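Here is a note for a colleague who is meeting this structure for the first time. Please read the points below with the sequence and the model open side by side.

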Amino acid sequence: MSAKLFERFSGGRRTKPTSEGMKLYTEAKAILGRWDVVTRSLHDGDGRPPKVRLGVLHTLATDDIARAQSLLRKRADGWRWRIREGAAASISADLKRDRADLLWTTVDPGYPCSRVLWQEPYVAMVSKNHPLARTDRLTIQVEDLRGEPIVLRGACELPRNSLRDAGLVTQPSARADRDELAMSFVAQDFGYAIAPRSLATADVVPLSVSDLKLTRHIGVQWNTPELKDAAEALAAVLVDLAPS
């Protein structure tokens with residue numbers, strides 16, 4: 001008995017996959033993904049380790065990304081690592097479209113093929129000259145930032161309106177797509193920025209915000225079971241880079 005894979009609408013000019021069709025599509029995609037891993041391994045049969053395409057979230061600390069590349073070459077040399085950085089949505093699309101094998105990125109703890117390595121809080125970055133930095137307080141509250149100018153990070157992966165929902169509604173003084181520029185703006189007293197703690201530079205002061213319940217989960221994500229060994233090798237290296 002054959003299964004019906006598509007439904008036709010409007011005189012047969014439009015189609016929509018049935019539940020059986022979507023199931024077949026999912027299984028076929030998994031098979032093709034496994035086949036791609038095998039064929040790339042065979043193509044590397046010249047004695048060199050297989051290549052692994054690693055997508056890296058571009059809001060991770062630059063020094064950590066460079067250090068990870070060095071550590072992978074030394075401690076996970078069973079693979080040839082090829083790193084491409086990008087925004088969370090961009091590298092996630094690469095993984096879905098088989099343009100990446102693994103991701104080092106923000107991870108949904110419920111995602112099946114993933115491993116969370118650490119959680120990182122969002123903090124308030126202020127200049128060394130800011131009144132809040134010239135006190136003995138290393139922890140503040142959202143109320144302390146009310147009315148202060150803010151430097152917005154264009155690369156921030158927080159859900160839309162997260163800052164507004166947290167009570168941080170104010171007139172932006174600047175917006176920067178590069179985190180290095182955002183931290184420079186903060187250092188020059190343009191305003192404060194909300195960012196993961198690991199992005200703090202020597203020129204800014206990170207302050208914990210006790211009632212700002214925003215964190216990101218950083219970890220490893222992959223798509224096919226055949227990549228689990230490479231993912232575990234990657235995780236073993238990255239866990240040493242967890243913020244203290």
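How many bridges join β6 to strand β10 (residues 193–196), and in which sense do the two strands run? Four bridges join them, and the strands run antiparallel.

1. Basis of the note. This is a predicted model, in which local features need pLDDT of at least 70 and side-chain atom pairs count only at pLDDT 80 or more, whereas totals for chains, interfaces and linings use all residues. Residues are numbered from 1 along each chain as its sequence is written, and side-chain values use heavy atoms, with hydrogens and water left out.

2. Helices (H or I, at least four residues) and strands (E, at least two) are DSSP runs numbered from the N terminus, and two strands pair if DSSP finds at least two bridges between them.

3. The nonpolar cores. A nonpolar core is a set of buried Ala, Val, Leu, Ile, Met, Phe, Trp, Tyr and Cys residues joined through side-chain atoms within 4.5 Å. The largest one has 32 residues, and those with the most contacts inside it are Leu54, Trp81, Leu102, Trp104, Val220, Leu234 and Leu238. The elements that give two or more residues to this core are β3, α2, α3, β5 (102–106), β6, β12 and α6 (228–238), and the largest share, seven residues, comes from α6. A second, separate core of 17 residues includes Val142, Leu158, Leu212 and Leu214. As general background, nonpolar side chains in soluble globular proteins tend to be buried together.

4. Helix α3 and Ile91. In α3, the residues Ile91, Ala93, Asp94 and Leu95 are buried, and the buried residues of this helix pack against β3, β4 (80–86), β5 and β12. Ile91 lies in α3, which spans residues 88–96, and it counts as buried because its relative accessibility is 0%. Leaving out residues up to four places away in sequence, Ile91 touches several others, among them Gly55, Val56, Leu57, Leu103 and Trp104, where contact means heavy atoms within 4.5 Å. Ile91 and Leu103 are 12 residues apart in sequence, and their C-alpha atoms are 7.2 Å apart in space. After α3 comes Asp98, whose phi is positive, near 60°.

5. Salt bridges. A search of the whole structure finds 10 salt bridges, each being a side-chain nitrogen of Lys or Arg within 4 Å of a carboxyl oxygen of Asp or Glu. Asp101 forms one with Arg53, the closest N and O atoms being 2.9 Å apart; this pair links distant parts of the chain, with Asp101 in the loop between α3 and β5 and Arg53 in strand β3, 48 residues apart. Both Asp101 and Arg53 are buried, and Arg53, Asp98 and Asp101 are linked in a network of salt bridges. Glu232 forms a salt bridge with Arg115, with the closest N and O atoms 3.0 Å apart. Glu232 lies in helix α6 and Arg115 in strand β6, so this pair ties together parts that are 117 residues apart in sequence. Glu232 is partly exposed at 32% relative accessible area, and Arg115 is partly exposed at 35%.

6. Around Thr59 and Glu157. Thr59 lies in the loop between β3 (51–57) and α2 (62–75), and it counts as buried because its relative accessibility is 0%. The side chain of Thr59 makes a polar contact with the side chain of Glu157 at 2.8 Å; such a contact is a pair of N or O atoms within 3.5 Å, and within protein one must be able to donate a hydrogen and the other to accept it, while residues adjacent in sequence count only if both atoms are side-chain atoms. Glu157 also forms a salt bridge with Arg216, the closest N and O atoms being 2.8 Å apart. Glu157 is partly exposed, with a relative accessible area of 21%, whereas Arg216 is buried, with 3%.

Definitions and conventions:
Buried < 20%, exposed > 50% of the residue type's maximum accessible area, 1.4 Å probe, protein only.
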